[in-house]
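Subject: Structure handover

Hi,

Here is the structure I promised to pass on. My notes on what turned up follow below it.

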Amino acid sequence: MKIRTKLQLALGTLFLLITLLSAFAIRQVNLLSGDTKNILVANYQSLDYSRNMLRVINTDSISSYNLQQFKTYMERQVQNVTEVGEKEFTTDLQMYFNTLQNHPEDKAALLKIREVLHNIMKLNMDAIQRKSVIAEKTADNSVLWLTFTAALCISFGFLLFLNLPGAIAAPVKKLTESIRQIAEKNYSQRVYIDGRDEFAIMARSFNTMAEKLEEYTASDLAQLMTEKKRVETLINNMADPVIGLDENHNVLFVNQEALNVTALKRENIVSKNIRDVALTNDLIRDLSKEAVLGSITTREVLKIFTDGREGYFEKNIIPIQIVPTGESETKQIGSVIILRNITSHKELDTAKTNFIATVSHEFKTPIASMKMSLQLLENEKTGTLNEEQHSLIDSLRDDAERLLRTTGELLNITQVETGKALFKVERTEISAIIQNAVEANEKFALRKEIRLSTPDLTNLPEVIADAEKAEWIVSNLISNAIRYSYEDADVTVTAHATPTHLEIAVHDYGIGIDEAYHDKVFEKYFRVPGTEKEGTGLGLSISKEFIEAMGGYLHLQSDIGKGSIFTAGFKRA
Ligand code: ADP
C-alpha cells in the first residue's frame with residue numbers, strides 16, 4: 001500500500017473515530033437532558049399544582065377566592081396530565097371540585113379532593129422516581145460508551161503516534177545513508193525496502209542507479225586502462241624521444257627513444273623528479289630547463305650522440321593545460337618534452353648547402369669574367385658600338401651584376417649555415433665603409449632617379465668590424481632601400497654614435513613593411529608576401545648574422561606605405 005493511502009487511511013480512521021465520539025457524546029447528553037426535562041415538565045409541575053391546590057383548601061372556611069385559585073391550579077393540572085391513571089384522578093378532582101363549589105361546606109367533598117390530590121402527587125412522585133432511575137441508567141450507559149469510544153480513539157491515536165514517524169523516518173534514514181555511501185563512491189551500496197509504497201519504489205530506483213554507476217565505473221575504468229595502454233604503446237612506438245612530466249616535474253612516462261638518447265634506465269627516471277635526474281645527466285639538464293622554469297622555447301636544435309652517431313633533435317616543450325570539471329580557470333597539470341628527430345632533414349640540408357656553395361662558387365668566376373668582358377666591350381679601344389649595342393651591354397651588365405649579387409648572397413649564406421664564414425674583425429674606419437657602400441649603389445640610384453644623401457663622414461669614431469662584411473651589410477641595406485623605393489624619391493644614410501656603438505641608419509620612403517613581418521624579414525629566404533621586386537630573401541638574414549657575429553645589431557622601424565629605417569649598429573673601437 002502506498003504511503004499516501006496509508007496516511008489517508010490512518011488519519012481518516014482517526015477523524016471518523018473522533019466524529020463518532022463527538023456524535024455519540026452529543027446524543028447521550030441530549031438523552032439525559034430529555035429525561036430531566038420529562039421529570040421537570042411532566043411530574044414536577046403536577047406536584048406543584050397539587051401542592052398549591054392543597055394549600056388553598058387547607059383553611060377553616062373556604063372562600064370564593066380560594067375556590068377561584070383552586071380552579072386556576074386545577075385547570076393547569078388538566079393541561080398537564082402525563083402519567084397513566086392521572087387523567088382519571090384529574091376527572092375525579094374536577095367532579096369533587098364542582099361539588100365543593102356548589103356546597104363549600106361539604107366536608108366529604110373536601111376530603112375526597114384531598115385524597116385525589118394525594119393520589120395525583122403519589123402518582124407523579126412514583127413517576128419521578130422511575131424516571132430518575134431511567135436517567136441514571138442513561139448516564140451510566142453514556143459513561144460506558146463514551147469511555148469505550150474514547151479508549152478506542154486514544155489507542156488508535158497512540159498507535160499512530162508510535163508507528164507513523166518511524167514508518168516515514170526509517171526508510172528516509174536508510175536512503176540518506178545509502179546516498180552518502182554513493183557520494184563516497186561506494187557504488188556497491190543497495191537499499192532494501194519491502195512493499196509497494198513510495199519508499200519501496202524509491203529504493204528500487206536507487207538500486208538501479210547504484211547498479212548503473214557501478215557498471216559505469218567498472219566499464220569506465222576498463223576503458224581508461226585500454227586507452228592508457230593505447231597511448232603508452234603509441235608513445236613507445238614514436239620515433240621521437242618523449243618525456244612526460246606532472247605539475248611537480250615528476251617524470252610520468254618516458255619512451256624507449258628517450259631512454260636511448262639519454263642513456264638512462266627506465267627505473268632511473270620514471271617517477272623521479274626531473275631536477276634530481278638532471279643532476280647526473282647533462283642532456284636531461286638541458287631538456288628540463290624550460291619545463292622546470294615554465295618557459296617554452298621551441299625549435300631549439302640539439303646535437304646528440306646516440307649509437308655512436310651524431311643526431312639532430314628539435315626540442316619542443318608542450319604545456320599540458322586543462323580546465324578541471326566544474327571550474328572555469330585553465331590549470332597546467334604538467335608538460336611533455338618531445339625531441340623531434342631532424343637528423344635526416346639536417347643531412348639533406350647540409351647536402352643542399354654544400355650543393356649551393358659549390359654551384360655559387362663555380363658561378364662566381366665565369367660571371368666575374370663576363371663582367372670584365374662587358375667592360376672591355378664598352379671600351380672604345382675594342383671598337384665603337386652603336387646605340388643599340390650599348391643598351392644591350394647595359395642590360396647584360398645589370399643581369400651579370402644581379403647574378404653576381406645572388407651568387408654572392410648564396411655563398412655567404414652557405415658559409416653562415418656551415419659556420420665557415422671567416423671574420424677579420426679589427427679596428428676599422430667606418431667612413432670608408434659608408435663611402436664604398438654608397439658609391440657601389442650610386443649608379444643604381446641614378447637609374448631609378450633616387451636621391452641618395454650621405455652623412456658627414458668626418459669625425460666618425462672607429463669601429464671593430466670586418467671591413468669587407470661591414471661594407472656588404474651597408475651596401476645591402478642601401479640597395480634594398482633603393483629597390484623598395486618609388487622612383488624619384490629620397491634615400492638618406494645617416495651616422496650616429498652611441499656610447500657603445502656607431503649606428504648607420506638607412507632611411508627610405510618606399511613601400512614600408514607591415515609590423516607583422518618585422519621579425520620575419522630577418523629569416524632566411526623570407527620575402528614579404530606580394531613583393532614584386534626580384535630577390536632571394538637572403539640579404540637581411542645574412543646581414544643580421546654577420547653584424548651579430550661582429551658584436552653589433554640590426555634593427556628595423558617601418559610603417560607600411562611610409563617607408564623603412566634599417567639601423568646597423570657596429571661596435572665602437
Ligand atoms: P630580398 O633579396 O628579397 O630583398 P632581403 O633579405 O634583403 O631579401 O629582404 C627580405 C624582404 O624584406 C624583401 O623581400 C622585402 O620584401 C623586404 N624588404 C627588405 N628591405 C626593404 C625595404 N627597404 N623596404 C621594404 N621592404 C623591404
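Domain bounds here come from an automatic or database domain assignment. For the protein chain this gives domain 1 (3-167), domain 2 (237-341), domain 3 (348-416) and domain 4 (422-571). The C-alpha centres of domain 1 and domain 2 lie 113 Å apart.

Some ground rules: this is a predicted model, where local features need pLDDT of at least 70 and side-chain atom pairs count only at pLDDT 80 or more, while totals for chains, interfaces and linings use all residues. Residues are numbered from 1 along each chain as its sequence is written, and side-chain values use heavy atoms, leaving out hydrogens and water.

Now the sheet. Five strands (DSSP E runs of at least two residues, paired if DSSP finds at least two bridges between them) form an open sheet with mixed pairing, in the order β7-β9-β10-β12-β11. β7 (451-453) and β11 (553-559) are the edge strands with a single partner each, so one side of each has no neighbour in the sheet. β7 and β9 (residues 490-497) run parallel, joined by three bridges; one of the bridge pairs is S453 with T492 in β9.

On to the ligand. Ligand oxygen atoms lie 2.8 Å from a side-chain N or O atom of N480, 2.7 Å from one of Y484 and 2.8 Å from a backbone N or O atom of L540.

Happy modelling!

Methods:
Helices (H or I, at least four residues) and strands (E, at least two) are DSSP runs, numbered from the N terminus. A polar contact is a pair of N or O atoms within 3.5 Å; within protein, one must be able to donate a hydrogen and the other to accept it, and residues adjacent in sequence count only if both atoms are side-chain atoms.
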